[in-house]
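Please keep the sequence and the model at hand.

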Amino acid sequence: MSQIVFVLEDEADIAQLVRLNLETAGFAVRSFANAAEVLPAAEREAPSLFLLDIMVPGGGGLDVCRRIRQNPMLSTTPVIFLTAMAAEADRVQGLELGADDYITKPFSPRELVARVRAVLRRFERPASPDVIRFGDVELDGGAMQMRLRGEVVTMTATEFRLLDYLARHPGRVFSRDQLLDAVWGDARFVTPRSVDVYVRRIREKMEEDAENPRFLKTMRGAGYRFERGEA
């Protein structure tokens, strides 16, 4: 069964170009020109991925992404922004809302398909199914879930993969570039600044005090290190 991609794009020519290339690549596509239509449709038929323009009628892609991340049914669904807003501040804002990739216009249709596939691959379950425990936190690699004091905490797959990778290498210092290679691969939108955004989001969900983390440590001038904490 084809994976379904929801496309929010109000420019008809671009929407048609995106649809044609994704369908040729084997995806099923549902197109929307108004942001207000996306969430109700997704609750009826959950997509595999959202591809969102930012500047569209009915609230805009940023608002749709925010609402996706707040919706228990959809919160872990990958989101890619496809937009003409190319400034770093725009990219960081998208990441802070939980986006998994950020593609700027004009774009190569071939690259678009490659990036969609890359993000979906990132959402496949990690090879190691075992459970890691530290403090009140439990990482279940098989289910791609983090539980804090027994309660499931909503995370995007990218957040989980970053935390899981660090937690499986306790005590080792990773530079931002090493983490980019390990977790994101060839995702061009991700920068060292992006890694910092993801680390902050993880700390806010996991650490008792995000400003003074117990587990996910910053090594000034070097990168990040995961510590299991006290027994």
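Is Arg-225 buried or partly exposed? In this predicted model, Arg-225 has a relative accessible area of 22%, which means that it counts as partly exposed, since buried requires a value under 20%. Its salt-bridge partner is Glu-227, with the closest N and O atoms 2.2 Å apart. Glu-227 is partly exposed as well, at 25%. The structure has 19 salt bridges. Side chains of opposite charge can pair when their charged atoms come close.

Helix H5 spans residues 109-122 and contains both Glu-111 and Arg-115, which are four residues apart, or about one turn of the helix. Their side chains form a salt bridge with an N to O distance of 2.5 Å. Glu-111 is partly exposed at 24% relative accessible area, whereas Arg-115 is buried at 8%.

The axes of H6 (residues 157-167) and H8 (residues 192-206) come within 10 Å and cross at roughly 85°, so the two helices are roughly perpendicular to each other. H6 contributes Thr-158, Glu-159, Leu-162 and Leu-163 to the contact, and H8 contributes Tyr-198, Val-199, Arg-201, Ile-202, Lys-205 and Met-206. Six of these residues are nonpolar, one is polar and three are charged.

Lys-205 and Glu-159 also form a salt bridge, with closest N and O atoms 2.7 Å apart. Because Lys-205 lies in H8 and Glu-159 in H6, the pair ties together parts 46 residues apart in sequence. Lys-205 is partly exposed at 24%, while Glu-159 is buried at 0% relative accessibility.

Technical notes: Residues numbered from 1 in each chain as written. Predicted model: local features only at pLDDT ≥ 70, side-chain atom pairs only at ≥ 80, totals over all residues. Heavy atoms only, no water. Axes fitted to C-alpha atoms, helices over the stretch in contact; angles between N-to-C directions. Parallel < 35°, antiparallel > 145°, perpendicular 65-115°, else oblique. Contact = heavy atoms within 4.5 Å. Nonpolar A, V, L, I, M, F, W, Y, C, P; charged D, E, K, R; others polar. Salt bridge = Lys/Arg side-chain N within 4 Å of Asp/Glu carboxyl O. Buried < 20%, exposed > 50% of the residue type's maximum accessible area, 1.4 Å probe, protein only.
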